[in-house]
2 protein chains.
Amino acid sequence: MNKNYIVPNEWSIIEEVFDAKNVMASESLFSIGNGAMGQRANFEEDYSGETLQGSYIGGIYYPDKTRVGWWKNGYPEYFAKVLNAPNWIGIHIQINSTNLDLNTCKVANFRKELNMKEGWLSRSFIATLKTGEEIEVKTKRLISIELNEVGAIEYSIKALNFSGEITFSPYLDTGIINEDSNYDEYFWETLKVVEGKNKGCIYSKTLKTEFHVGTAMKVSFLLNNKDIDVDQKTKKEEKSLTYTYKIKVLEGDTATILKYGSYVSSLNYNKNELIEAALNNVHDSSNLGFQELLNLQKKSWDKIWHSSDIIIEGDIKAQQGIRFNIFQLNQTYLGTDARLNIGPKGFTGEKYGGSTYWDTEAYCIPFYMGTKKSNVAKNLLLYRYNQLDKAIENAEKLGFKNGAALYPMVTMNGEECHNEWEITFEEIHRNGAMVYGIYNYVNYTQDFEYIPKFGLEVIIAIARFWHQRANFSADKNKYVILGVTGPNEYENNINNNFYTNYLAKWCIEYAVNCLNKVKQEFPKDFNRIIEKTNLTGEETFNWLKVADNMYFPFSKKHNVYLQQDGFLDKELIPVSKLPNSERPINQKWSWDRILRSCYIKQADVLQGMYLFEDKFSKDELERHFDFYEPITVHESSLSPCVHSILAASIDRMPKAYEQYVRTSRLDLDDYNHEVDEGCHITSMAGTWMSIVQGFGGMRVCEKGNLSFKPQIPKEWNSYAFTINFRNQTLKVKVNSSETIFELDGSKDLKIKVENKIITVSPNSLVTV
Amino acid sequence: MNKNYIVPNEWSIIEEVFDAKNVMASESLFSIGNGAMGQRANFEEDYSGETLQGSYIGGIYYPDKTRVGWWKNGYPEYFAKVLNAPNWIGIHIQINSTNLDLNTCKVANFRKELNMKEGWLSRSFIATLKTGEEIEVKTKRLISIELNEVGAIEYSIKALNFSGEITFSPYLDTGIINEDSNYDEYFWETLKVVEGKNKGCIYSKTLKTEFHVGTAMKVSFLLNNKDIDVDQKTKKEEKSLTYTYKIKVLEGDTATILKYGSYVSSLNYNKNELIEAALNNVHDSSNLGFQELLNLQKKSWDKIWHSSDIIIEGDIKAQQGIRFNIFQLNQTYLGTDARLNIGPKGFTGEKYGGSTYWDTEAYCIPFYMGTKKSNVAKNLLLYRYNQLDKAIENAEKLGFKNGAALYPMVTMNGEECHNEWEITFEEIHRNGAMVYGIYNYVNYTQDFEYIPKFGLEVIIAIARFWHQRANFSADKNKYVILGVTGPNEYENNINNNFYTNYLAKWCIEYAVNCLNKVKQEFPKDFNRIIEKTNLTGEETFNWLKVADNMYFPFSKKHNVYLQQDGFLDKELIPVSKLPNSERPINQKWSWDRILRSCYIKQADVLQGMYLFEDKFSKDELERHFDFYEPITVHESSLSPCVHSILAASIDRMPKAYEQYVRTSRLDLDDYNHEVDEGCHITSMAGTWMSIVQGFGGMRVCEKGNLSFKPQIPKEWNSYAFTINFRNQTLKVKVNSSETIFELDGSKDLKIKVENKIITVSPNSLVTV
């Protein structure tokens, strides 16, 4: 059964009952972050129940030695792990002589809220300790967007039935571990522990990668809302710094600790400045005060929501779901730093490791293009451009030559760090997504200059890869691509995956088109690139031989492209005929049984048709949708959104809505029974696409203009979304009878709605 | 480069130069064993250079927790590891105050010999210690075949240039580890250390599996060949027992220690008898004395060689190679215990783990049938019969029903213990080998009764597996078998592997034939089995639908069966065109590149044609050989033998000889650069087949009689082999002009030689 304990609310994620069984799931769901750092919603005080402690700093990682059962040539030596970072949130709490631990006391009036409108996390409860003391606790926590190296906590305790002593012991701890460490190695070395009055810092570095990090805290206290000074006792240990403060309270008194924390790292500072910088940060934020940090936070989120909010009327759970997705995406990545990217779990867990998958190009770029200024998507593209050399090295390791590039399946710094041969070596369609990301960006922004400046080198290296990776089949008299895994990972080492072959052909053709255009329009860049890459006309001629003669498996009987060679040898039994007891098949069936079944994990042929929808007729789309969707189990978080969009585009609104519900509340309702490990961040961008591209039917059409084909699920009264387009903001509101466009910009915008061209002028409404 | 340091000799493996680089390889090559226990040829004295310490007891294993990078549903929790057993051979040696360690002293006149005729290992050398003492050392060691729980060492030291003190410290040690432990766990618990005058015992058990083992030693001493009594100092530690004996010597004196060792285990004794039994063993063997143990050993080996020797005249390296193969096979398995089997490395290393692969049925059974009484091969079959329930459980784990069995890829006790999805779940052709082993045995021995008594239950369970594993392809209008790995492991997760499909069809047909015959001839057994298995006529009818309509990929253009669907999409470039620098491809190429190449690791289509040669015309064999052999890289130890046999059968003697040389000296010349890990024991049976079935052309033909088609490589003067057939011994000697048959039996034997039936009478020669 899916979980169902989150209280529906338009702007907040709320939990109203404390249940130890939900603690880890809530730690994921209530995570907070600011794009540069983030953390799971772990309790500040001690908790002896099941928990996954996690604080993360963007760009700080550890290359964990690869662990496999059977080594295959080509595996990387290391797997770049998202690092659990030093803990700055912790506060041990004692009431008289008893430790506060929700796992060992009676909890009432529990309430936890993640306020997405303003960007903070709160918790309140009444706890009755084993020793009888009753307290009311209220906490609030934020990770500041404005001051992006800083977080703050307000933690209040009211003595309900006793007079006595409340002890706060805030601490910093670098003795943290990663749960998924391959060899139980320790990833951090503590270099220095610096103490001071109400403040302190631990200076540490990651082993191997030698990232240096300063982690600081500063604390202050209130009694019944009045500042007080409290005596400090210091415990300085090898990997931790703990201060102890005892506050005498009378029954009814409220004692409060304010704790400010900061991370600074050698990504942004000289090593010798780190201790001072961290201490300055907590000093400054303490001076600002908790309330002022909250005010700044609200302003930051106001700005974000202004250009990205989606409003759904008549379906509060759908409203909560879509805002949760948008909120988490923004917490994970804000686009200000081209060295960062969007990890599959963001700052909500450590699973999978690496920070970058093809999800970024295939799912996240549209979201960031659609909700932020175009430099953000550009930063995501530059991330790959900056790693091109590593992608070429990676391809060389696998036997490719002459500057061919294979971008890694999973990476942190450009090096491959995944180690499953059927994925690492064979899920090469990811290379196509790299080029599609560029195409999509240029198409949407009309920033063609990106190609001669950066994109073309990537595109050439990838065209070279496809040219070398295909081989000529004398038997078929066509070029084939053997031994791949498509987006549908429930098939491995197959031949002629439609999606992969299609992307390969398209990449080559796009490369040649770009080359021609750059040659004419940017001759200087053209010459520079030709010199750098040693590209000849003969080589591109050979590329085109592959593209022109690419093989695509096709069934005449079913009149559809086949996912791969031999697909029709399978027994085609629709998912609806599978007993519930056998699902999800990835938990119930052995791997070989999954592989030889017809069941599809996520869109594969349909993923291709989604990316290149304009190349297929509506008839074709319908035929392929009707052939593949019934045998798709959607056991990837990336599956329902694409199906929702395609279903809407062929006017199958009930199916579109069904898949939308699944994608938008995937984590909130824990469809895949794994949210305790972290949220599915990248698929959240797909949820956004389900609204904008699916129900809104938004496409970029000829000359890079927008078209819309709005539809509305019968379950909703109306919905509205906001699109950033050429750095103007277009708001689209759809209800069952009309669609209203409103432009917050400076220039008229021509858009196409259901085949009719209309003009939207700045600050006016247009109704269709 | 291959290694080339073994001195050619007809009956011995000899090494004449001490080179630290060869120590680990020699430890493997010079291994000794008696089918029940065995050990690498580790030095008795301390050695600080690179070494792999290894002593092994047949049937004693440890289930090591599975280690993989990415878990796949269906993986077993444990991998049964061959256990490094307590060390009984060790003797620390001090000359005056200096430790003897070949890694730290000057070594001259080094000679190591593994005498295969008599079954012992010797070593002699002159060592000059850092402190100047010069000594001459002579050692001899054996593992007794007659007393199969006992081994003995004679270790002599002559003081060449000094008078002083020689200290012998013989010890027992249970503090041993497995190098390939997955989690660096310790596998043994020491329960008791028992000391005594010149003898002692350590009683220990394996963790988890709780095998209890007694390991004992007894020592005695000689000075210049006269018995002496020496004072004993005892050091008893938690996991070891060491005695120290100091002997005063004058220059020219020789001091000798005799050390007898014994393993006894709870496989054969009550636990509370083990200490006594082990001590009795060393007491008794010490009473017999080292020389008498050597005499017994020679007699045991005389008997073995009498029925299994192969004599090659004119090619001393080939002679040495084949005897080494026969010798190691007999050291590994003697067929007296149906609980044991033939591990891929025998008692020469710990790699791979498990004791049983399909190698036993496909390669080893012919050797043991051909060189020993028929009960030995029967014991190998019973091993699988006794594990049928586990094979059914294994199939259930993968979703099969109704008593279908899948025998494990690797096992110790019948449970699967391998964990590579493409092998564990997909290399299912092994199931066919189980049935083929039975067919082969019955055919050779005419012991059809084995079928109703034992074999049929196995055959039914496997027919059920194939019936369920195949599925009907509406597209092909045939039954197909999807997602398999054939014998050629350089292809994974392929469809319609010819070999697998062929065996599946054959297994079903053989099952139905056996059922019919048992019904008529053994009606009581038939009823018992039908009741036990709930087999119905309808079920076998459905089996036959699969067998009758099995799909086989075939190329009209090349007029050959294809290894799998889509094979002709590959670029077919012969191995001869591959630069040497790219070979072996399993070390030079990434795994995906190997997979999509045409290169074949070991016989696959040809393996099927080898097993069922009578079903294919010579034309067909030639066509398939010419198609597949040129793209075969023979990077499996099991490959050259099959190709040698097939080449001989189509009169390609140069190719047959080339492949024979490769198989027979695979380990001695270290073709695969890995002999340091242990020898390739099971492929050694293939080498034997290369002579008997290859050059001798021996086949079992109609009515279970033998036929021969002898040929001789031009490199040899003559060769001779001995065949056990229906418990009579037939010696076949071939030279370039004639073949001589000699029968050591009681009944005439009719054989067919080159299409001519001849009769060989007992104790007479027949020349053809």
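These questions and answers concern a predicted model and cover the contact between chains A and B and some aromatic rings.

Me: How many residues of chain A are in contact with chain B?
Reply: The model is predicted, and its totals for interfaces use all residues. On the side of chain B, 47 residues take part. The number for chain A is 47.

Me: What area do chain A and chain B bury between them?
Reply: Carbon and sulfur atoms account for 49% of the buried area. On the side of chain A, the residues that lose the most area to chain B are A:Trp70, A:Asp569 and A:Arg596, together 19% of what that side buries. Between them, the two chains bury about 4,000 Å².

Me: Which residue of chain B meets A:Glu422 in a salt bridge?
Reply: The count between chain A and chain B is six salt bridges. In the one that involves A:Glu422, the N to O distance is 3.1 Å, and the cut-off for a salt bridge is 4 Å. The partner of A:Glu422 is B:Lys72.

Me: Which element gives the largest share of the side of chain A that touches chain B?
Reply: Between the chains there are 23 residue pairs in polar contact, both residues at pLDDT 80 or more. The elements of chain A that give two or more residues to this side are α8 (421-424), β22 (471-473), α14 (585-588) and α15 (591-596). The largest share is five residues, and it comes from α15(A).

Me: How many charged residues does the side of chain A that touches chain B have?
Reply: Sorted by class, this side has 16 nonpolar and 14 polar residues. The charged residues there number 17.

Me: Why is the pair of B:Tyr502 and B:Phe616 tilted?
Reply: B:Tyr502 lies in helix α11 (residues 498-521) of chain B, and B:Phe616 in the loop between α16 (605-611) and α17 (618-628), 114 residues apart. Both residues are buried. The ring centres are 5.7 Å apart. Planes under 30 degrees apart count as stacked and over 60 as edge-to-face, so the pair is tilted because its planes are at 40°.

Me: What is the angle between the planes of B:Trp716 and B:Tyr719?
Reply: Both B:Trp716 and B:Tyr719 are buried. Their rings form an edge-to-face pair, 5.7 Å centre to centre. The angle between the planes is 70°.

Me: Which Trp is part of the aromatic cluster with A:Tyr436?
Reply: Over all chains the count comes to 113 aromatic pairs. One aromatic cluster in chain A includes A:Tyr436, A:Tyr439, A:Phe498 and A:Tyr502.

Technical notes. Residues numbered from 1 in each chain as written. Chains lettered and ligands numbered in written order. Predicted model: local features only at pLDDT ≥ 70, side-chain atom pairs only at ≥ 80, totals over all residues. Heavy atoms only, no water. Contact = heavy atoms within 4.5 Å. Buried area = accessible area lost by both parts, 1.4 Å probe. Salt bridge = Lys/Arg side-chain N within 4 Å of Asp/Glu carboxyl O. Polar contact = N/O pair within 3.5 Å; in protein donor to acceptor, adjacent residues only side chain to side chain. Helix = DSSP H or I, 4+ residues; strand = E, 2+ residues; numbered from the N terminus. Nonpolar A, V, L, I, M, F, W, Y, C, P; charged D, E, K, R; others polar. Phe/Tyr/Trp six-rings, centres within 6.5 Å; stacked < 30°, edge-to-face > 60°. Buried < 20%, exposed > 50% of the residue type's maximum accessible area, 1.4 Å probe, protein only.
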